[in-house]
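Take a look at the protein below. This short report goes from its overall fold to one pair of helices.

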Amino acid sequence: AALWIPLNLIVLPGQVEELVPESLRASGVGLITFVGVGIAALGQPVAGRITDLTSLPDRRRPFMVGGSVFMVGLLFLLDFVPFYALLVLVYVTLQVVSNFAQAALQALIPDLVEESERGVASGIKTALDALPIVWDEGAGATQSDATIAEHLKEGLTASATNGSRQNGDAPKAIESAAKKVE
């Protein structure tokens, strides 16, 4: 939920807005979300079965680590896709690798905990999963893109110094520099 809710509610609509004509934006978001839900529903059981059948001595961690590494790369890639079809492809691939990481994680309790202790272990895991995430809103919580842009603009166009920066004659400063790199 910590990944998919912000991704589906904030990132994807923003990407679709940039890549799809206005008249098709709602359909664009709907299609990519629908495909993603389908992949998630079908992919995790398949991914789980594949990790079950793996003959590696440590059959879960390679999928968890590999899936997580690929997820990070794909999340960065989402910001740079130039057209909608590629956005769908990256999103579907993100769903698939996420399914592998998640399926392997779900199988850790049966792999690592004795059968008589699995109920307790599963209950503890579920309780920990249900704990709320509390964000420290701190001093920057009220900042927005607009306030940051305005602050940057003020700083770049200020005619007076701000304490550490001094406006002046750049060519004269370069000429009087002790060392010049050319």
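Helices (H or I, at least four residues) and strands (E, at least two) are DSSP runs, numbered from the N terminus. Read that way, the protein runs α-α-α-α-α-α-α-α along its sequence. That is eight helices and zero strands.

The model is predicted, so local features need pLDDT of at least 70 and side-chain atom pairs pLDDT 80 or more, while totals for chains, interfaces and linings use all residues. Numbering starts from 1 along each chain as its sequence is written, and side-chain values use heavy atoms, without hydrogens and water.

**Overall form**

| Property of the protein | Value |
|---|---|
| C-alpha span along principal axes | about 80 × 45 × 40 Å |
| Radius of gyration | 25 Å |
| Accessible surface | about 13,200 Å² |

The radius of gyration is taken over C-alpha atoms. A compact globule of 182 residues would have a value near 16 Å; that rule is 2.2 Å times the number of residues to the power 0.38.

Carbon and sulfur atoms own 65% of the accessible surface (Shrake-Rupley method, 1.4 Å probe). Of the 182 residues, 21% are buried, meaning under 20% relative accessible area with protein chains only.

Now take contacts (heavy atoms within 4.5 Å) between residues at least 6 apart in sequence. Of these, 62% join residues at least 24 apart.

How do α2 and α4 pack? Helix α2 (residues 25-53) meets helix α4 (residues 84-106) at about 30°, with axes 8 Å apart. Axes are lines fitted to C-alpha atoms over the stretch in contact, and angles run from 0 to 180 degrees between N-to-C directions. The crossing of α2 past α4 is right-handed: the near helix is turned clockwise from the far one by less than a right angle.

Note on methods:
Buried < 20%, exposed > 50% of the residue type's maximum accessible area, 1.4 Å probe, protein only.
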